[in-house]
Amino acid sequence: MAKVSVIIPAYNSEQFIAETLDCLVNQTLKDIEVIIVNDGSTDGTQDIIDDYCEKYSIFKSYIKENGGVSKARNYGLERATGEYVVFLDADDTYTEASLEAFYNTAKKTGSDLVLGRLMNFGKDIVSKHNAFADRLASMESIDTFTKILLWSFLVGNKCYKRERLVESGVRFPEYKYSEEGAFFMSYVYTGAKIAGTMDACMNYRRHTAEEGLSVSQTVNADLARSFSGSLRVIYDKALAAVENAPPEVDREDYIQEVIYKTAYILISQFYRLCWRGDDECMAYCAEEFDRLRSLMTPERFAVMQQTDPDLHLENIFSTKKQIAENPNITVIIRKSDKDMTKLFDSLYSQISPMFEVIVPRSMAEKGLIPKEYLEMVNVRILDDDGYMKKARKAARARWIITFRKPRKLDIRDFRIMFKVKKKLPAIIVNTFFPHILRCIDFLLTKRIVK
């Protein structure tokens with residue numbers, strides 16, 4: 001029996017899986033088994049898996065019909081023999097000492113679950129440790145009702161005692177979104193003994209649009225329903241668990257945290273990415289948000305309003321047309337002969353989606369702006385003659401952004417701008433702030449309303 005079993009679901013992972021498997025070959029803990037479940041890949045994933053199985057005895061390969069990541073993980077768990085088990089995606093990695101740290105911490109503390117650190121990394125992003133995971137990893141003992149557990153759902157930075165996990169009956173539910181959270185919290189609510197370790201770290205890859213967005217970076221009604229289903233599992237399990245919570249646990253406050261977390265992710269992962277979705281998704285999210293709000297105390301809803309000052313929470317899930325007609329920011333694209341693809345990709349990745357875009361007709365006709373963006377309901381095309389004057393007059397938002405040259409934006413730029421201009425008097429924003437922003441190639445000005 002191996003000390004640790006690593007379960008890897010793999011679907012069309014040829015671009016990254018070799019890096020993932022290399023990190024396991026290089027682990028300081030050698031007594032491991034790696035169970036790779038090929039979930040019906042149609043690319044060269046299996047060829048890479050076969051190559052590693054030939055070279056290294058730690059790898060075991062299984063092929064099944066495509067059924068989704070939850071089925072693949074459960075399939076792997078059924079075949080694992082290790083004393084402990086971890087779940088790693090085929091595009092993520094561990095630091096070299098991670099499995100040894102998981103194992104040693106579990107044995108030393110007698111824990112059923114060990115939590116490690118989490119590092120976000122990827123193309124065009126700054127590698128950064130997740131603050132929630134770090135706080136948990138630094139704790140020697142973690143109580144079942146530690147609320148921060150609700151903000152750290154990813155399974156890759158967690159190690160489970162396999163025998164207890166199997167006997168608990170907890171398995172990954174067949175949802176496409178947040179199934180990891182439903183699995184993790186369901187196990188937590190069994191009363192598992194939990195510890196943290198700062199010596200283990202999972203590197204979580206964040207994908208760009210060019211690489212292919214992950215599930216958590218896409219938006220549609222099916223995923224929204226899946227997310228809601230996963231979080232309802234957590235809510236129901238939490239309600240049952242708090243019935244037996246010790247007296248010092250504030251039961252109402254804990255349940256409010258579960259509700260708040262659900263509403264928060266509904267906003268941050270669906271509403272804020274609404275331009276990638278459709279009105280069916282927005283309609284479902286509106287219904288779900290109303291349900292959650294009915295469960296929230298007025299005090300908790302007030303906290304949410306303070307957390308998201310750039311959003312109109314009273315009527316948040318509007319249609320795209322309604323958002324386009326009531327933007328916080330108008331983006332005016334100056335006439336240019338430069339390709340605008342990167343700029344528009346980053347515009348429609350903004351986490352503050354209440355904006356409109358005005359573009360000159362010549363750029364639209366020359367194909368400098370991708371057609372998919374020209375078809376957005378918040379894009380308006382104006383004739384070139386007297387373009388800038390007409391664009392400023394046509395702007396619906398009180399705040400206007402113009403770019404000196406096309407460039408890729410950080411996804412938080414609009415939200416940061418909104419916060420700054422809300423805090424500063426208009427005279428300061430108009431007089432001084434533009435000079436600062438000019439240095440980074442765009443200008444924020446206040447529209448004169450007569």
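Is D92 buried or exposed? Select D92 to find out: at 2% relative accessibility, D92 counts as buried. Buried means under 20% relative accessible area, exposed means over 50%, and partly exposed is in between, with a 1.4 Å probe and protein chains only.

Before moving on, note that this is a predicted model, where local features need pLDDT of at least 70, side-chain atom pairs count only at pLDDT 80 or more, and totals for chains, interfaces and linings use all residues. Residues are numbered from 1 along each chain as its sequence is written, and side-chain values use heavy atoms, with hydrogens and water left out.

**Stop 1: around D92**

Stay on D92. It lies in the loop between β4 (84–87) and β5 (93–94). Helices (H or I, at least four residues) and strands (E, at least two) are DSSP runs, numbered from the N terminus. D92 and F16 are 76 residues apart along the chain, and their C-alpha atoms are separated by 8.1 Å.

**Stop 2: two positive phi values**

Most residues other than glycine have a negative phi. Select N12, in the loop between β1 (4–10) and α1 (17–25). The phi of N12 is positive, near 45°. N12 is partly exposed, because its relative accessible area is 31%.

S178 is not a glycine, yet its phi is positive, about 65°. S178 counts as buried because its relative accessibility is 18%.

**Stop 3: helix α7**

Select residues 179–188, which make up helix α7. How many of its ten residues are buried? Ten of the ten are, and the helix is mostly covered. Among them are F183, F184, M185 and Y187.

**Stop 4: aromatic pairs**

Show the aromatic rings. The whole structure holds 27 aromatic pairs. Rings of Phe, Tyr and Trp (its six-membered ring) pair if their centres lie within 6.5 Å; planes under 30 degrees apart count as stacked, over 60 as edge-to-face and the rest as tilted.

Zoom to Y94 and F102. Their pair is edge-to-face, with 6.2 Å centre to centre and 80° between the planes. Both Y94 and F102 are buried.

Then pick W151 and Y260. This pair is tilted, at 6.0 Å centre to centre and 55° between the planes. It links distant parts of the chain, 109 residues apart: W151 is in the loop between α5 (131–137) and β8 (158–161), and Y260 is in helix α9 (residues 251–271). W151 counts as buried at 17% relative accessibility. Y260 also counts as buried, at 8%.

Which residues form one aromatic cluster? Select W275, F344, Y348, F355, Y373 and F414 to see it.

**Stop 5: strand β13**

Click W399, found in strand β13 (residues 399–403). W399 counts as buried because its relative accessibility is 7%.

**Last stop: a charged patch**

Select R334, R392, R404 and K405. They gather in a patch of positive charge on the surface. Like charges are joined within 9 Å, and nonpolar side chains (Val, Leu, Ile, Met, Phe, Trp, Tyr) within 5 Å. R392 sits in helix α16 (residues 387–394). At 31% relative accessibility, R392 counts as partly exposed.

Methods. Patch = residues over 30% accessible without salt bridge, like charges linked within 9 Å, V, L, I, M, F, W, Y side chains within 5 Å. Areas by Shrake-Rupley, 256 points an atom, 1.4 Å probe, with all protein chains shown as cover. Salt bridge = Lys/Arg side-chain N within 4 Å of Asp/Glu carboxyl O. Lys, Arg positive; Asp, Glu negative; His and termini not counted. Charge placed at Lys NZ, Arg CZ, Asp CG, Glu CD.
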